[in-house]
Amino acid sequence: ENLCDLIAIRDNHQAKKELAEYRLSSTGVRPVCVGIRGRQDVLKWYDERLVLLEHQITSEKKRIIKEAKEEEEALVSQESEVDSDDDSISIPGLDLQTRLHTSSGFVTFKNRTDSEMALCCLLSANEEEFVVSTPPDPADLIYADLKADPVKQNVRFLLGHLCIGGLLLSFMPFVVGISCTAKLEYLEAKIPISQILLAEHPAIHAMWDALMASAALGFFMSFLPTFLVSIFYNFFVLKAGAWLQHRLQKWYFIFLVVYVLLVTSVGSSLTVTSSQLVQAPLAAPSLIAGTIPLASHFYLNYIPMQWALHGMDLMRYVILMKFMAFRTIMEEEVARAKSEPEDQDFYGMGSRSARFTLEAVVCIVFSTLSPLITVLGFLNFVIRRIVFGYLIAFAESRKPDLGGAFWVSKLHHVQVGMYFYIMLMTGVLLKRAAQPWPGCMAAASLAILAVGHSKFRSLKWEDLPLEAMADPHEKSSKEKGDKNYKDDKDARDGKEDQEDEDVLLSYQQPELR
């Protein structure tokens, strides 16, 4: 068993021991188990196993560190024998693909200028030989992905995209079915008894049309992030949980636009509309103008439906149910720790960002055809600001960020939504105006949007230009302030606490700490 397996077994035994201790404190009876050696005290057995596992883990750590140092010394000694004038340096006799080393690593620079220059430099004629990128938060790293084989990963990458395409097609019939069967006209035709019920209770008709379709679609779409995350984990190299959320944001937004904005508007005529687009792609604006405006009433109900979901988010009902379930078998503090954090598939930063952006895009697309939706959208985001301003700051656990990547993707998605808005208004004007000139003028704004979008995508916001960086030989006032704060912290908490913090912020695999 390797080090990771030993630590996993130790953590599992520790959790079971804590559960047994809680049962002892609540019932007063020491738990026992029956095995080959007869009746044994459970707590005593776990204590013995944990002592043995700690010894094995310590021995395995020492062995790994020792072998790593030996390989490093061998590498240094052989490098010193290589002629420094030789451009093609090769080190025979040393296999770098050992089980203690991977093709990935971390480099720490002393100043910001050197790190930015390393990110921009072309280190080899083959751009795939050295791939340099900004690392994620040390606490968010997925170390298992650093060991991925590049050749096998290319195959898995292709299979992952095929799975995403299959997921896109497999969800289509369900969404079309929801948009069609959730209408009362369909139910009245298929279920005759519903006509009698609606005649006796006419208020049901208005409530059904206002809530049912939006609620059913939202509930069904809530399963999509889980399927996407499963595909990402099994077929893609993620390297960090925040990068997983960013990938989820991009793909989930595509699914939401296709299913909520397009398929829902087209409805049962999806096949006919698709065939018309294949035969005449330039007729897309007129086709969009003939279908999407008819569904504007659906989105007038869809946006207020989100207000109820904000209230459910504020309740954190999933965390509450998990806490109540765990509290029956363990102490409250342990139950609270195990119930956190919330499900990152649906409540993570990537999934939330995609849903927030879709709501903004819906309001933009229908802002001219149905101006009331702008008021509903404004109220929706006011409620979101209040709810999530509290949840993120005071209720939910803090999560690693990517320094603005989610925000930039939101802006990109909003600009993509502007393309839909211009195409929709172009089709509406061409179809309803007496002259073609208003539609042509609206279509011309696509060129303006394309130029602005291209400039936005060309911004190098992730890296600083050299002129924006301070002199590396001079410390800025901020750096001096940070140093003073660090000195004060050392004086208050002691060097031991500072060393623990440095370990958590270092790129060292948790099993080796």
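**Entry 1: the nonpolar core**

I started with the largest nonpolar core, which has 45 residues, and found that Tyr259 and Tyr299 touch the most other members. By nonpolar core I mean a set of buried Ala, Val, Leu, Ile, Met, Phe, Trp, Tyr and Cys residues joined through side-chain atoms within 4.5 Å. Buried stands for under 20% relative accessible area, exposed for over 50%, and partly exposed for anything in between (1.4 Å probe, protein chains only). I listed the helices that each supply at least two residues of this core: H4 (150-181), H7 (203-221), H8 (224-235), H9 (241-266), H12, H16, H17 and H18. H9 gives the most, with 11 residues. Another core, of 6 residues, lies apart from this one, and I noted Leu3, Leu6, Ile7 and Leu53 among its members.

**Entry 2: what I am looking at**

This is a predicted model, in which local features need pLDDT of at least 70 and side-chain atom pairs count only at pLDDT 80 or more, while totals for chains, interfaces and linings use all residues. Residues are numbered from 1 along each chain as its sequence is written, and side-chain values use heavy atoms, with hydrogens and water left out.

I looked up the overall make-up next: the chain has 20 helices and 2 strands. Both are DSSP runs numbered from the N terminus, helices being H or I with at least four residues and strands E with at least two. Of the 513 residues of the chain, 30% count as buried. I also checked contacts (heavy atoms within 4.5 Å). Among those between residues at least 6 apart in sequence, 75% join residues at least 24 apart.

**Entry 3: salt bridges**

My search of the whole structure gave 14 salt bridges. Each is a side-chain nitrogen of Lys or Arg within 4 Å of a carboxyl oxygen of Asp or Glu.

I looked at Arg63 and Glu67 to begin with; their closest N and O atoms are 2.9 Å apart. The two sit 4 residues apart in helix H2 (residues 42-81), so about one helical turn separates them. Arg63 is partly exposed at 23% relative accessibility, and Glu67 is partly exposed at 26%.

Then I turned to Glu396 and Arg352, whose side chains meet in a salt bridge at 2.6 Å, N to O. This pair links distant parts of the chain, 44 residues apart: Glu396 is in the loop between helix H17 (372-395) and helix H18 (405-432), and Arg352 is in helix H16 (residues 349-365). Glu396 is buried at 10% relative accessible area, and Arg352 is buried at 8%.

Glu396 also forms a salt bridge with Lys399 (3.9 Å, N to O). Lys399 is partly exposed, at 29% relative accessibility. Through shared partners, salt bridges join Arg316, Glu340, Glu342, Arg352, Glu396 and Lys399 into one network.

**Entry 4: the cavity**

I searched for cavities of 30 Å³ or more and found 1. A cavity here is a set of points on a 1 Å grid over the protein atoms alone where a 1.4 Å probe fits but cannot get out, and its lining residues have an atom within 4 Å of a point. The volume, the space filled by probe spheres set on the points, is about 90 Å³ for the largest cavity.

Arg316, Glu342, Arg352 and Glu396 are among its lining residues, as are Met312 and Tyr347. Helix H12 (296-315) and helix H13 (317-327) each supply at least two residues of the lining, and the largest share, 3 residues, comes from H13.

Methods: On a 1 Å grid over the protein atoms alone, a cavity is a set of points where a 1.4 Å probe fits but cannot get out, and a pocket is an open set with protein on both sides within 12 Å along at least five of seven lines; lining residues have an atom within 4 Å of a point.
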